[in-house]
Amino acid sequence: MNRQEESRKKTEVCVTGASGYIASWLVKLLLHRGYTVNATVRDLNDPKKTEHLLALDGAKERLHLFQADLLKDGSFDDAVKDCDGVFHTASPFFIHTDNPQEELIDPAVKGTLNVLSSCSKVTSIKRVILTSSVAAVMYNGSPLTPEVVVDESWFSDPVYCKENKLWYPLSKTLAEEAAWKFVKEKAIDMVTINPAMVIGPLLQPTLNTSARALFNLINASTYQNITVGCVHVKDVVDAHIMAFETPSASGRYCMSETVVHFSELVQILNKLYPSFKLPDKCADDTPVIKYQFSKERAKELGINYTPLEDGIKETIESLTEKNFL
């Protein structure tokens, strides 16, 4: 065992919302690298939240589960105590809601501040890695055209998000804004990872929002007129770990391997799975919007992106294996 592996063995980190899609992979790869992981879930008695984590290699020796609630003050105190780093991924992710304040905004904002408040009491914490989203980056009302390169200097505008009922982007924007303000006041070292639509295999037993976007194309009569950035889940998790392990890492990192219209996702699925019944027309005839994401900062972290087609193939294989398809 080399010195770096030996030091990781003694490194204790916390992952919040550990049963989620990105977080489950984060727990898996942290354990694989020799870390001791304190993982928080909403309900320790729900096997859907815990079984897939307890089955991971190294879990028996180095995984400790904690119950925590985003909206409860001090709920994360025990989980972050004695930790060297904290990965805050816990935040609701869905698009449609009748009660955005209660279902999305409060858990995102108050939850982030609760976790950071717990972190501020622990002197051993060297850095917090916050899982944000490109949703907190790209919605500022600027026109998106093929020449536009969205980068980390962009911030979504809460007023624009509210006016356009973009509730998930609003929740991520307000949470990230509140986080930067808090860590500045408390002198906490924080880095944010801002992924686009995350694809790739699932570890958790439930269907997450981004995998559902691909799942919903199968047997659909039309595809949505949406353009999205896509990135493989393992690349996103690598970025989280590198952002923690690289002393010079700072600020925000957008994560998107490529930007595609839903028609292109359909084309790739058609090519890979010709037997699938896939839609051949768009839900509306509004002009297609295309743009780009900068890859510069992700490259600086050492990320080599997994090609989109591989990510789509692995997602579909995983959905099949888990009997969703």
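Predicted model: local features only at pLDDT ≥ 70, side-chain atom pairs only at ≥ 80, totals over all residues.
By buried I mean a residue with under 20% relative accessible area, while exposed means over 50% and partly exposed lies in between, all with a 1.4 Å probe and protein chains only. On that definition, buried residues make up 54% of the 325 residues in this protein.

Residues are numbered from 1 along each chain as its sequence is written, and side-chain values use heavy atoms, with hydrogens and water left out.

Let me start with the overall fold. The secondary structure comes to 13 helices and 12 strands, where helices (H or I, at least four residues) and strands (E, at least two) are DSSP runs numbered from the N terminus. The radius of gyration is 19 Å, close to the 20 Å that the globule rule gives for 325 residues, so the protein is as compact as a globular protein of that length; the radius is taken over C-alpha atoms, and the rule is 2.2 Å times the number of residues to the power 0.38. Along the principal axes, the C-alpha atoms fill a box of roughly 55 × 40 × 40 Å. If a contact means heavy atoms within 4.5 Å, then residues 24 or more positions apart account for 80% of the contacts with a separation of 6 or more.

One residue gives a local view of such contacts. I125 lies in the loop between α6 (100-119) and β5 (127-131), and I125 is buried, with a relative accessible area of 14%. Not counting residues up to four places away in sequence, I125 touches V80, C83, D84, G85, V86 and C119.

Next, the charged pairs. Side chains of opposite charge can pair when their charged atoms come close. Taking a salt bridge as a side-chain nitrogen of Lys or Arg within 4 Å of a carboxyl oxygen of Asp or Glu, a search of the whole structure finds nine.

In one of them, K181 pairs with E185, with the closest N and O atoms 3.3 Å apart; both residues lie in helix α8 (residues 167-186), four residues apart, about one turn of the helix, and both are exposed. E317 and K313 meet in a salt bridge at 3.0 Å, N to O, and they are likewise separated by about one helical turn, being four residues apart in helix α13 (residues 308-321). Here E317, at 40% relative accessibility, is partly exposed, and so is K313, at 38%.

What does the salt bridge between E264 and K290 link? Its closest N and O atoms are 3.0 Å apart, and the pair links distant parts of the chain, with E264 in helix α11 (residues 262-272) and K290 in the loop between α11 and β12 (292-293), 26 residues apart.
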